[in-house]
Amino acid sequence: SCLAVLDGYVSGEVDFGTRLARASATHRLAVQSLVERIATAALDSSSTAVVHLTGYSDRQDAPGLTAEQRLASEAEMSVKRVASAGNWFVQKIAAIAGPADDSSQWPRILIVRSSCGAVDLVYPAPTGEPQRMANRRVVIEVFASNMNAFLEESEIIDLS
């Protein structure tokens with residue numbers, strides 16, 4: 001399996017590609033390599049890959065909002081982040097492995113999207129924007145079967 005975390009979203013930002021474009025060249029290459037490795041599952045009939053993307057938000061602390069409005073805002077931002085990440089991965093994998101089927105999937109690649117709002121914060125009580133940016137993130141987990149590109153038992157890619 002492989003785990004990568006792309007944090008550092010600015011307040012209100014949801015576009016995965018925009019956030020990734022601000023990352024270092026090393027981190028951008030690591031994500032591109034990950035996409036290429038995932039795409040091998042579509043090209044090899046004995047391989048499968050599950051890509052689990054999870055979007056997170058920072059706490060919504062705007063004054064004047066009810067608790068329900070805060071939760072709804074946090075949920076909305078994490079849903080938009082993971083939707084953007086999912087679309088980005090589909091486009092990049094399709095560029096290598098060909099287009100997905102009507103469900104935006106390939107026969108041996110499954111992309112699962114989930115969102116967590118402001119749950120499981122890196123900094124539960126952030127003291128400034130850098131800590132808030134660490135809370136705003138997309139977690140990428142890849143679970144592969146019969147893929148030489150993912151031979152290590154567990155791999156962590158640091159994108160921060």
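Predicted model: local features only at pLDDT ≥ 70, side-chain atom pairs only at ≥ 80, totals over all residues.
# A guided look at the largest pocket and beyond

Student: Which residues lie nearest the centre of the largest pocket, and how many line it?

Tutor: The lining takes in 13 residues, with Ser11, Asp58, Arg59, Gln60 and Arg136 nearest the centre. Residues are numbered from 1 along each chain as its sequence is written, and side-chain values use heavy atoms, with hydrogens and water left out.

Student: How much space lies in the largest pocket, and which element gives the largest share of its lining?

Tutor: Rolling a probe the size of a water molecule over the atoms shows where empty space is left. In this case the largest pocket holds about 170 Å³, the volume being the space filled by probe spheres set on points joined across faces, edges and corners. Helix α3 supplies four of the lining residues, the largest share.

Student: How many helices and strands does the protein chain have?

Tutor: Helices (H or I, at least four residues) and strands (E, at least two) are DSSP runs, numbered from the N terminus. The protein chain has four helices and five strands, and their order along the sequence is β-α-α-β-α-β-α-β-β.

Student: Back to Arg136: what does its side chain meet in a salt bridge?

Tutor: For a salt bridge, look for a side-chain nitrogen of Lys or Arg within 4 Å of a carboxyl oxygen of Asp or Glu. One partner of Arg136 is Asp58, at 3.9 Å from N to O. Arg136 sits in the loop between α4 (129-135) and β4 (137-145), and Asp58 in the loop between β2 (48-55) and α3 (67-97), so this pair ties together parts that are 78 residues apart in sequence. Arg136 also meets Glu129 in a salt bridge, at 2.8 Å from N to O. Through shared partners, salt bridges join Asp58, Arg59, Asp61, Glu129, Arg132 and Arg136 into one network.

Student: Are Arg136 and Asp58 buried or exposed?

Tutor: Check the relative accessible area: under 20% is buried, over 50% exposed, and partly exposed is in between (1.4 Å probe, protein chains only). Both Arg136 and Asp58 are buried, with Arg136 at 6%. Glu129, at 35%, is partly exposed. Across the protein chain, 41% of the 160 residues are buried.

Student: How many salt bridges are there by this rule?

Tutor: The count comes to seven. Another one pairs Lys80 with Glu76, with their closest N and O atoms 2.9 Å apart. These two residues share helix α3 and are four residues apart, about one turn of the helix. Lys80 is partly exposed at 39%, and so is Glu76 at 40%.

Student: Ser78 lies in helix α3 too. What is Ser78 in contact with?

Tutor: Contact means heavy atoms within 4.5 Å. Setting aside neighbours within four places in sequence, Ser78 touches Gly55, Tyr56, Ser57, Ser115, Cys116 and Gly117. Ser78 is buried, with a relative accessible area of 0%. For the protein chain, take the contacts with a separation of 6 or more: 77% of them join residues 24 or more positions apart.

Student: Which residues form a nonpolar patch on the surface?

Tutor: A patch gathers residues with over 30% relative accessible area and no salt bridge, joining like charges within 9 Å and nonpolar side chains (Val, Leu, Ile, Met, Phe, Trp, Tyr) within 5 Å. Here Val50, Leu110, Val112 and Phe143 make a nonpolar one, with about 290 Å² of accessible area together. Such areas come from the Shrake-Rupley method with a 1.4 Å probe, and for residues only the protein chains shown count as cover. Val112 belongs to strand β3 (residues 109-115) and is partly exposed at 31%. The whole protein chain has about 8100 Å² of accessible surface, 55% of it from carbon and sulfur atoms.

Student: What is phi of Asp120 near?

Tutor: Most residues other than glycine have a negative phi. Asp120 has a positive one, near 60°. Asp120 is found in the loop between β3 and α4, and it is exposed, at 53%.

Methods: 1 Å grid on protein atoms, 1.4 Å probe; cavity = no way out; pocket = protein on both sides within 12 Å on 5 of 7 lines; lining within 4 Å.
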